[in-house]
Amino acid sequence: MDARRVNILINGRPAMALEGQSVAAALVSNGMRALRSTYRKGRSRGMFCGIGVCFDCVLTVDDRVSVRACLEPVREGMRIDAPEADS
Amino acid sequence: MSVFARADIVVIGAGPGGLHAALAATRAGARVIVIDEQSQPGGQYFKQPLLPYGKTDETGGQGRALIEEARIAGVQFMLKTSVVGQVGTAPITLAVRDKNGISEVSASSVIVATGAYDRVIAFPGWDLPGVVTAGGAQSLAKASSTAFRGRVVLAGSGPFLMPVARTLVKAGTDLAGIFELGRPTAWLKHASRLLGHPGRLFEMAGYAAFFLRKRVPFHFGWRVVRAEGDGALERVVVARCNNAGEVFANTEKPIAADVLCIGYGFVASSQVSAHFGCRHRFDRNAGGWIVEHDDMMRTSVPGVFVAGEAAGIGGMECARAEGRIAGLTAAGDLGFRIAPSDLRDAKGARKRHRRFAALVRDVFPLRERLYDEIGGEVLICRCEEVSAADVLAVCEPWTRDVNTVKAASRCGLGRCQARICGHHLAELISRKTALPVEELGLPSVRMPLQPVTAGEIANWPR
């Protein structure tokens, strides 16, 4: 069964994901490695552990803060806020 | 709105250990709830695609069958649910959190099957976007059917590199190279013991054949010394080393890469068991702090059992056997009928598989040198951005434990609650104070075990 296309918004811009991808996977597919920057020194971070342990991939998803992108499955119309991500 | 659920047995973790524990207990007649943070059961080893009925590989297929068996037997799953902490003792009551907020689950017994996660030993540049764990690479492929873009380097040490390598190759990844710190010649020392596990040898031969056929660029006796890049990974610098990880002079080689997947074995997930007050012992090669237990998998806390990696890294087969022992014993304790032969079989299997796990530890020892070499400027606590120098600066001659250093340096006080930096903290302090890690104690664990919002706490009736 082929995965269906899912339309999501990354920083307000329409982007494509596939049903069954985590938010982190969708961002990787869209060519993004840096997802956010750290609060003390402003250093770029991306997905690290990929399994929900390290909290480096936290983003705001549908207005919910600190969502671990590596655990969250994408959904049609999902809004992902990653203001410090690379494009 | 708060929900109060009641079961005979609560299993924390839906990986191989938790699934087998739940299945064994349910079949004996107990009412079992399994709690897991992930969207699907299976843990890491049996990671399922997020897409229901999505394509799996052979292992994923085995996992799917096991999960189906558990569901059919009547196991209840609370998925996308985190354990917040223990709030009651008789019965054992846990606060849990899901998308609806905080609720409570009570049971007569709890089986801790929290598994493990990748051990990455800090090196310069490990915090660059593009550096991921070996397990993260595996998860991206298995759960999301997604391949990394660009050039990928896989490195580290341990048997886990092999399945990750196969996953990456099958996903069509542009693999620049695989760098395993150890050498096959060092494995020959253990050849006679390996012969005692023909099934495993067959498995290894399968990997070797696959890698030869696909011409996978495996390099033995090489390790990562640093990652470099401006804002994100651009280069991985590797160097030749001996079996202890000591780098040979003038052998550094920069390799252009977009992604570095790295891992040096695993760290046992001990937050939940520490929170329950279980006694642990420290075994650096077996996952660090691991839960002490008897041969029925009972911990030092009445009503709390452990199974799988949390009791010492040992892979799926150990988790399966121990899950069965814990599930059968917990059910038996509550008066449910269990077959003594099932218990006997599980104990026999456990002994065999733990023996193999010990062999694997000898073949792939943790190279302490990698901790020795962590320079002052290297980041130790990713969450709070604390360097090795920052940690050592607060180590006094009278420092005796990790928790005071945690409090003074902020290392371990961030979102991941010392899961990633904890082993670094202990190893650094141990080297500075000359006290063995076992004397420094576990990092203290406080509720909430996973982050919750203030609103969720406010809406929790208790």
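**Figure 1. Helix H4 of chain B is mostly covered.** In this predicted model, helix H4 spans residues 161–170 of chain B, and seven of its 10 residues are buried (under 20% relative accessible area with a 1.4 Å probe on protein chains only; exposed is over 50%, partly exposed in between). Helices (H or I, at least four residues) and strands (E, at least two) are DSSP runs, numbered from the N terminus. The buried residues are B:Leu161, B:Met162, B:Val164, B:Ala165, B:Thr167, B:Leu168 and B:Val169. Among the elements that cover them are helix H3 (134–144), strand E11 (151–157) and helix H7 (198–213) of chain B. Just after H4(B), B:Gly172 takes a positive phi of about 75°.

Residues are numbered from 1 along each chain as its sequence is written, and chains are lettered from A and ligands numbered from 1 in the order in which they are written. Local features need pLDDT of at least 70, side-chain atom pairs count only at pLDDT 80 or more, and totals for chains, interfaces and linings use all residues, while side-chain values use heavy atoms, without hydrogens and water.

**Figure 2. B:Glu309 is buried yet has no salt bridge.** A salt bridge puts a side-chain nitrogen of Lys or Arg within 4 Å of a carboxyl oxygen of Asp or Glu. The nearest side chain of opposite charge, B:Arg354, is 5.7 Å away. (Lys and Arg count as positive, Asp and Glu as negative; His and the chain ends are not counted.) B:Glu309 sits in the loop between strand E21 (304–306) and helix H9 (315–333) of chain B.

**Figure 3. Two peptide bonds of chain B are shown, B:Ala90 to B:Pro91 and B:Met447 to B:Pro448.** Most peptide bonds are trans. The bond from B:Ala90 to B:Pro91 is cis, with omega near 5°. B:Pro91 lies in the loop between strands E5 (82–88) and E6 of chain B. The bond joining B:Met447 and B:Pro448 is also cis, with omega about -5°. B:Pro448 is in the loop between helices H15 (437–440) and H16 (454–458) of chain B.

**Figure 4. B:Asn250 and B:Ala418 have a positive phi.** Most residues other than glycine have a negative phi. B:Asn250 has a phi of about 60°. Its loop runs between strands E15 (235–240) and E16 (253–256) of chain B. B:Asn250 is exposed, at 83% relative accessible area. Phi of B:Ala418 is near 70°. B:Ala418 is in the loop between helices H13 (402–409) and H14 (422–433) of chain B. At 6% relative accessibility, B:Ala418 counts as buried.

Notes
Contact = heavy atoms within 4.5 Å.
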